[in-house]
Amino acid sequence: MISMKHVWHVYANSGYYYVHDTFLGDSPRRAYAQGVRIDGRTGEIVKR
C-alpha cells in the first residue's frame, strides 16, 4: 500500500527556491534537479 503522507522540503540558493517532495528521495541535489523551481524575487514558478 502506498502511503498518502508526503513531506515537502524547501531549499534555496541566491536566486531560487526549490520545493521537493521527499517521498521521491531526500537531498538538495535531487531537489535542484527535480523540484519545483520558484523565482526568489517574483514568486513565479520557473519552467526548466
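## Exercises on a β-β-α-β model

H9 has a relative accessible area of 25% and is partly exposed (buried is under 20% relative accessible area, exposed is over 50%, partly exposed lies in between; 1.4 Å probe, protein chains only). The model is predicted, so local features need pLDDT of at least 70 and side-chain atom pairs count only at pLDDT 80 or more, while totals for chains, interfaces and linings use all residues. Residues are numbered from 1 along each chain as its sequence is written, and side-chain values use heavy atoms, leaving out hydrogens and water.

**Exercise 1.** State how many helices and strands the protein has, and where confidence is lowest and highest.

*Solution.* 
Step 1. There are one helix and three strands (DSSP runs numbered from the N terminus: H or I of at least four residues for helices, E of at least two for strands).
Step 2. Along the sequence they follow the pattern β-β-α-β.
Step 3. The pLDDT, which is the predictor's confidence in each residue from 0 to 100, averages 87 over the protein, and 92% of the residues score at least 70.
Step 4. Confidence is lowest in helix α1 (residues 28-34), with a mean of 88, and highest in β3, with 96.

**Exercise 2.** Determine the strand order of the sheet and which strands stand at its edges.

*Solution.* 
Step 1. The three strands form an open sheet in the order β1-β2-β3, with antiparallel pairing; two strands pair if DSSP finds at least two bridges between them.
Step 2. β1 (8-12) and β3 (36-39) are the edge strands: each has a single partner strand, so one side of each lacks a neighbour in the sheet.
Step 3. On average, neighbouring strands are turned by 25° against each other, direction ignored.
Step 4. Five bridges link β1 to β2 (residues 16-21), and four join β2 to β3.
Step 5. Particular partners can be named: H9 is bridged to H20 in β2, and Y16 stands opposite D39 in β3.

**Exercise 3.** Are H20 and R29 buried or exposed?

*Solution.* 
Step 1. H20 belongs to strand β2. Its relative accessibility is 3%, so H20 counts as buried.
Step 2. Beyond its neighbours within four places in sequence, H20 is in contact (heavy atoms within 4.5 Å) with residues including W8, H9, R30, A31 and Q34.
Step 3. R29 is part of helix α1. With 72% relative accessibility, R29 counts as exposed.
Step 4. Over the protein, 17% of the 48 residues count as buried.

**Exercise 4.** Describe which residues H9 is in contact with.

*Solution.* 
Step 1. H9 lies in strand β1.
Step 2. Leaving aside neighbours within four places in sequence, H9 is in contact with Y18, V19, H20, T22 and D26.
Step 3. For D26, 17 residues away along the chain, the C-alpha separation from H9 is 8.3 Å.
Step 4. The H9 side chain also makes a polar contact with the side chain of Y11, at 3.4 Å (a pair of N or O atoms within 3.5 Å, one able to donate a hydrogen and the other to accept it; residues adjacent in sequence count only if both atoms are side-chain atoms).

Technical notes
Axes are lines fitted to C-alpha atoms, for helices over the stretch in contact, and angles run from 0 to 180 degrees between N-to-C directions.
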